[in-house]
Amino acid sequence: MATKKTSTSQSDYSESSIRVLKGLEPVKQRPGMYTRTENPLHILQEVIDNASDEALGGHAKHILVTLNADGSVSVEDDGRGIPVGLHPEEKVPTVEIVFTRLHAGGKFDKGSGGAYAFSGGLHGVGVSVTNALASRLEITVWRKDEQGRGVHTLAFADGDLIEKLKSRPATASDKKSGTRVTVWPNPKYFDSPTISQQELQRLLRSKAVLLPGVKVSLVNAKTGDVQTWQYDQGLRGYLLESLAQSTSADPLIPLFEGEQYAGADAEGFAEGEGAAWVVAWTEEGNVVRESYVNLIPTSAGGTHESGLREGLFSAVKSFVEMHSLLPKGVKLLPEDVFARVSFVLSAKVLDPQFQGQIKERLNSRDAVRLVSTFSRPSLELWLNQHVEYGKKLADLVIKQAQSRLRSAQKVEKKKSSGVAVLPGKLTDCESSDITRNELFLVEGDSAGGSAKMGRDKEFQAILPLRGKVLNAWETERDRLFANNEIHDIAVAIGVDPHGHTDTPDLSGLRYGKICILSDADVDGSHIQVLLLTLFFKHFPKLIDHGHICVARPPLYRVDAPARGKKPVQKLYALDDGELEAIEDKLRKDGLKEGAWSISRFKGLGEMNAEQLWETTMNPDTRRLLPVALGELDHIASEARFTMLMGKGEAASRRAWIEEHGNEAEADI
């Protein structure tokens, strides 16, 4: 007699399989998505940023950070104090919402009279992430309201409220206003519980630099040490001090510094948007480069740095051409001007878009135009007022260009012997500098046409691919060239097929970056997989040396009407998550539902040349992912590829898909 099977198999997929993460659970499940997890510095930075935003708005004059003897850290300011009354919609003390809800905070209110016109927080995860990853967090708020001055306290453990808001009238010895947050980071979420003193000091010093006149103090309760930073010279003094520490070379010409912000009648920018910068050129030694957006350090740079680079290059190029200083046969490139530049840049952007939650890189496309528009005329004017300094600078950048050309010629001589005839459909670039050159493998002739028109022909080459490339996983190396597409790719790249253990001759490599550019849909993903299979199996050294990249074209375009000081905007979203974030931001900007239109790109061929350049090919504003093996070594990666791409692996593929299928969203 057959028995009834009651146990649930692993592959069962039922209603109970769907888990809804509430409140701060997503942060605890995957802390690395929200913060850096090497040590707790970044969750403390969220609290320090809040205090800095109060100072940025002119409401605080002193920020005090204390390393307490019990391992906790306190951050205190003399700002307005976080509101403690009941939130009008949520009917919960507002201070509690700020620390327990993702996507909540004063920084979303960007309208007229908003608490923070310019702030570092866009994603709104902020201190709620700090709270989620702390075993205990205590808050004291000193604030004046209708009832007079009061002192308010509450406490959390692991993100949950354990001591409800308590309030008492302030005494004569209490502060007038401000906020103190004390955090006990939970060590289980971090690789190391120890905060780097050097990094913390650097962070606090940079806050003082960017907030002239504001005092920033660090107190170590264990040792009694107190450090205080207060800069009245701002960026200039900071850069000179940093240069003195990192290089023995003096600046070639006096420091170029400037500051400009958009006025109420500025076209294309919101009032108050702009930048402050100080730039030095040195002939030798290390360069110092630091950038900030609304006081947030952007260690990975971003579009504001690209704007400064563009502004400096345009101004210097214009000066060189005006004074006929360029030798025959020499062409200036942005890196010639930027190679010996040290700078500190502080940008103010109304709605900063960062790459990822940890805000290391600015992605806002408007920031390129913002910073270059303000920095270029200023430098051009300065160079023409100080022609002798302008000529010294011109001499430096021309030497850089000549040095670059000489190294490119050496490479050209090396590869000129026995070059195969390049494929007819390859649209090559003009430059022979392999470190700059890029080859885009583009899906389809129509997208290839847009890419050819939109590219920078100086250093970007296009090779359109017809249809899907052969699955080369089980193709013998000597049979590869029977396939026209693979033959053309290999000849265009200039490297012969090889194995993982081989030592191929890479001296014939013609491009520093080989970029796979396919549609953002399922077919595009399939082409991407086939090309990655080809490179991993037959050109593995290109992956090992970081030459293979995947371009990320957007899936959606959002056309938003003018709102307040913001002009009509075209916004691009990589995926559904980014689309949701853009729509959320438009709603918070006061636009009614349906005021904006969304179009989905069915393929790259639908983009015109300008759109493809701006979103996917322009080095300043694109998303380009370098391909690497990640956590799997070469042997494990090979086993995974065999299972996914091998002809006789249908059974193991099916088992794998059944196990992991619910992790993917079907694009139907």
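The model is a predicted one, and the protein holds 668 residues, of which buried residues make up 50%. Its secondary structure comes to 18 helices and 21 strands. Among the contacts in the protein with a separation of 6 or more, 69% are accounted for by residues 24 or more positions apart. The accessible surface comes to about 32500 Å², and carbon and sulfur atoms hold 49% of that area.

**Nonpolar cores**

- In soluble globular proteins, nonpolar side chains tend to be buried together.
- The largest nonpolar core of this protein has 51 residues, and the members that touch the most other members are Val95, Phe99, Ile139, Leu200, Leu204 and Leu239.
- Apart from that core lies another, of 40 residues, which includes Val293, Leu345, Leu379 and Val397.
- Once residues up to four places away in sequence are left out of the count, phenylalanine 99 touches Leu24, Ile82, Val127, Ser128, Asn131, Leu137, Ile139, Phe156 and Val181.

**Helix pairs**

- Two packed helices are described by the angle between their axes and the distance between the axes.
- Helix α11, which spans residues 445-454, and helix α16, which spans residues 609-617, have axes that come within 8 Å and cross at roughly 80°; this angle makes α11 roughly perpendicular to α16, because angles of 65 to 115 degrees count as such.
- On the α11 side the contact is made by Ala447, Ser450, Ala451, Met453 and Gly454, and on the α16 side by Ala609, Leu612, Trp613 and Met617.
- By class, the residues of the contact of α11 with α16 divide into seven nonpolar, two polar and no charged.
- For helix α17 (residues 634-645) and helix α18 (residues 650-660), the axes come within 7 Å and cross at roughly 100°, which makes α17 roughly perpendicular to α18.
- In this second pair, Met643, Leu644 and Met645 of α17 meet Ser652, Arg653 and Trp656 of α18, and the residues of the contact divide into four nonpolar, one polar and one charged.

**A mostly covered helix**

- Helix α12, residues 484-493, is mostly covered, since eight of its 10 residues are buried.
- The buried residues of α12 are Glu485, Ile486, Asp488, Ile489, Ala490, Val491, Ala492 and Ile493.
- These buried residues pack against the strands β14 (438-443), β15 (460-465) and β16 (513-517), and also against the helices α13 (522-538) and α14 (540-544).

**Residues with a positive phi**

- Most residues other than glycine have a negative phi, and most peptide bonds are trans.
- Aspartate 158, although it is not a glycine, has a positive phi of about 50°; aspartate 158 is found in the loop between β4 (148-157) and β5 (160-169), where it is partly exposed with a relative accessible area of 33%.
- Serine 324 is likewise not a glycine and has a positive phi of about 50°; serine 324 lies in the loop between α7 (303-322) and α8 (334-338), and at 63% relative accessibility it counts as exposed, because that value is over 50%.

- Between alanine 270 and proline 567, which are 297 residues apart along the chain, the C-alpha atoms are separated by 8.6 Å.
- Serine 637 is found in helix α17 and, at 6% relative accessibility, counts as buried; the C-alpha atoms of serine 637 and phenylalanine 536 are separated by 9.2 Å, with the two residues 101 residues apart along the chain.
- Lysine 391 lies in helix α10 (residues 387-415), and lysine 391 is partly exposed, with a relative accessible area of 43%.
- From C-alpha to C-alpha, lysine 391 and phenylalanine 319 are 8.7 Å apart in space, and in sequence they are 72 residues apart.
- When residues up to four places away in sequence are not counted, lysine 391 touches Phe319 and Leu325.

Conventions:
Residues are numbered from 1 along each chain as its sequence is written. This is a predicted model: local features need pLDDT of at least 70, side-chain atom pairs count only at pLDDT 80 or more; totals for chains, interfaces and linings use all residues. Side-chain values use heavy atoms; hydrogens and water are left out. A nonpolar core is a set of buried Ala, Val, Leu, Ile, Met, Phe, Trp, Tyr and Cys residues joined through side-chain atoms within 4.5 Å. Buried means under 20% relative accessible area, exposed over 50%, partly exposed in between (1.4 Å probe, protein chains only). Contact means heavy atoms within 4.5 Å. Helices (H or I, at least four residues) and strands (E, at least two) are DSSP runs, numbered from the N terminus. Accessible areas come from the Shrake-Rupley method with a 1.4 Å probe; for residues, only the protein chains shown count as cover. Axes are lines fitted to C-alpha atoms, for helices over the stretch in contact, and angles run from 0 to 180 degrees between N-to-C directions. Angles under 35 degrees count as roughly parallel, over 145 as roughly antiparallel, 65 to 115 as roughly perpendicular and the rest as oblique. Ala, Val, Leu, Ile, Met, Phe, Trp, Tyr, Cys and Pro count as nonpolar, Asp, Glu, Lys and Arg as charged, and the others, Gly among them, as polar.
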